[in-house]
Amino acid sequence: MAQSVEILSPTDNQLILSQRPVASIDSISRVNADGKSLIPYSVWTWDGLATVTLSPPSSIVNAPEIWADNDWFWRNISYQITYTHGYSVIPDDVVGVTAGMVLRVIMAPGSPGVISETIGGYSYRMADNFPTAQVELTAADIAILRPYRGRRNRTIEMR
């Protein structure tokens, strides 16, 4: 497991976390206009996956009342979010695919990517089409790992 700190701007009052799986939300702070100082923000809910929904603050101390009436006070700013993500134990599927790739390299004739080699006074060159190890994911590997990939299509709100 690892901890990440990201600065995100909400879309429709939601922050979408980029690292998965998310284990916990450690803190959320509002980033001030100077980009450096932070104000802790505690009015949010987490769906248990990768989305944090922000709620408007119920009271804003020492600020004009109109700020509390406008969505822009809490939506159109950036938030720094600190969260823990990753697997505590690597899934068996991932271990199996990795072991399969290692096995393909070990069992392949020749050294992967080597075209020529010199050892002392001895030198040889392999044909360019000499089969060497397959060090890429096969179609079966990709299918096995598909559930571990994050969403690929995203939408960015322009302001």
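# Exercises on a predicted protein model

The secondary structure of the protein chain comprises four helices and nine strands. The model is predicted.

**Exercise 1. Describe the order of the elements along the protein chain, and state how much of the chain is buried.**

Solution. Read from the N terminus, the elements follow the order β-β-β-β-β-β-α-α-β-α-β-β-α. The protein chain has 159 residues, and buried residues make up 24% of them. As for contacts between residues at least 6 apart in sequence, 66% join residues at least 24 apart.

**Exercise 2. Identify the residues with the most contacts inside the largest nonpolar core, and examine isoleucine 25.**

Solution. The largest nonpolar core has 14 residues. Leu17, Ile25, Ile28, Val52, Tyr79 and Ile81 are those with the most contacts inside it. At least two residues of this core come from each of strand S3 (22-31), strand S6 (51-54) and strand S7 (79-85). Next, consider isoleucine 25: leaving aside residues up to four places away in sequence, isoleucine 25 touches Leu17, Trp44, Trp46, Val52, Ile81, Thr82 and Tyr83.

**Exercise 3. Determine whether asparagine 13 is buried or exposed, and find what its side chain reaches.**

Solution. First, locate the residue: asparagine 13 belongs to the loop between strand S1 (2-8) and strand S2 (14-16). Second, apply the cut-off, by which buried means under 20% relative accessible area. Asparagine 13 has 18% relative accessibility and therefore counts as buried. Third, follow the side chain of asparagine 13, which reaches the backbone oxygen of leucine 54 at 2.8 Å.

**Exercise 4. Which residues form the salt bridge, and which helices hold them?**

Solution. A search of the whole structure finds one salt bridge. Arginine 104 forms a salt bridge with aspartate 141, and the closest N and O atoms are 3.0 Å apart. Arginine 104 lies in helix H3 and aspartate 141 in helix H4 (residues 139-145), so the pair ties together parts that are 37 residues apart in sequence. Arginine 104 is partly exposed, at 22% relative accessible area, whereas aspartate 141 is buried, at 8%.

Conventions:
Residues are numbered from 1 along each chain as its sequence is written. This is a predicted model: local features need pLDDT of at least 70, side-chain atom pairs count only at pLDDT 80 or more; totals for chains, interfaces and linings use all residues. Side-chain values use heavy atoms; hydrogens and water are left out. Buried means under 20% relative accessible area, exposed over 50%, partly exposed in between (1.4 Å probe, protein chains only). A polar contact is a pair of N or O atoms within 3.5 Å; within protein, one must be able to donate a hydrogen and the other to accept it, and residues adjacent in sequence count only if both atoms are side-chain atoms. A nonpolar core is a set of buried Ala, Val, Leu, Ile, Met, Phe, Trp, Tyr and Cys residues joined through side-chain atoms within 4.5 Å. Contact means heavy atoms within 4.5 Å. A salt bridge is a side-chain nitrogen of Lys or Arg within 4 Å of a carboxyl oxygen of Asp or Glu.
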